[in-house]
Amino acid sequence: MLLGVNIDHIAVLREARKIADPDPLDALGICKRAGADQITIHLREDRRHMQDSDAKNIITLSALPVNLECAIDPGMIDIACKLRPHRVTLVPEKREEVTTEGGLAVTGEQPKLKEAIKRLKKAEIEVSLFIDPTLDAVRASVDLGVEWIEFHTGKYANIYAMLYSNLGKTHHSIPELELSRNILKQMLDDELRNLRLLSCDARELGLRVAAGHGLNMQNAKEIVEIETIEELNIGQSIIARSVYVGLEQSILDMKALMIR
């Protein structure tokens, strides 16, 4: 299983103090040395962490393939086509959200999405869609002609955290998941089953399958066992854990967990 290391949260630390340190560019060599397969970055429209200069420098200087996450806004597609990363993952964005809350709307008439995909393909950039794990979204992705999909695993991660961590006892508890352990366990099993079945469906339909959002050293173990998911993109938990063990060790540990 491949690992894309999302280094956005290095830029989050930098922007928290509005200084030039830490520089996410410094992470590239460490990620490569630790065995990461890909660098993932999200250039948001509000530029809350990664900046245009970060994206340009990382895509230009990274020895690893770069997966650029961005919205379907024409201005963002302009930047992507100019920088030409190895892959672009199209994601939804809301200015008020803390992090990406769900998958991209891919069903129905989507002229902006279709135009974005057309432009990226013309620039010879591999295209992935960040989608909710539903059969309709998988089938729509096939119809849109992309190479990859990435399942948004936020629901799975939230259920896992409310069941197996102390999240429910903190101020970040998720009210709609303040349920009995038996109900949460059934919900978790259902979500895993859904991810397993849909990843098989996607592969049979010719898509390559990645997954990401909210994954960490604890909850990724079950996802790793789904053989039809061939890549995980993980950021916040790797960067957070690096505060204690260092970035290289944090990546090494995640890679070791991903051996099937």
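**Close-up 1. Glu-147, a partly exposed residue, in a salt bridge with Lys-121.** In this predicted model, Glu-147 has a relative accessible area of 28% and is partly exposed; its salt-bridge partner is Lys-121, with an N to O distance of 3.4 Å between the two side chains. Because Lys-121 belongs to helix H5 (residues 111–122) while Glu-147 sits in the loop between helix H6 (135–144) and strand S6 (148–152), the pair ties together parts that are 26 residues apart in sequence. Lys-121 is likewise partly exposed, its relative accessible area being 34%.

**Close-up 2. The salt bridge between Glu-230 and Arg-208.** The closest N and O atoms of Glu-230 and Arg-208 are 2.7 Å apart, and the pair links distant parts of the chain, with Glu-230 in the loop between helix H9 (220–224) and strand S8 (231–234) and Arg-208 in strand S7 (residues 208–212), 22 residues apart. Glu-230 counts as buried at 16% relative accessibility, whereas Arg-208, at 36%, counts as partly exposed.

**Close-up 3. A salt-bridge network of Arg-14, Glu-15, Lys-18 and Asp-54.**

**Close-up 4. The salt bridge between Asp-52 and Arg-47.** Asp-52 pairs with Arg-47 in a salt bridge whose closest N and O atoms are 2.5 Å apart. Asp-52 is partly exposed, with a relative accessible area of 35%, and Arg-47 also counts as partly exposed, at 21% relative accessibility. A search of the whole structure finds 19 salt bridges.

How values were computed:
Residues numbered from 1 in each chain as written. Predicted model: local features only at pLDDT ≥ 70, side-chain atom pairs only at ≥ 80, totals over all residues. Heavy atoms only, no water. Salt bridge = Lys/Arg side-chain N within 4 Å of Asp/Glu carboxyl O. Buried < 20%, exposed > 50% of the residue type's maximum accessible area, 1.4 Å probe, protein only. Helix = DSSP H or I, 4+ residues; strand = E, 2+ residues; numbered from the N terminus.
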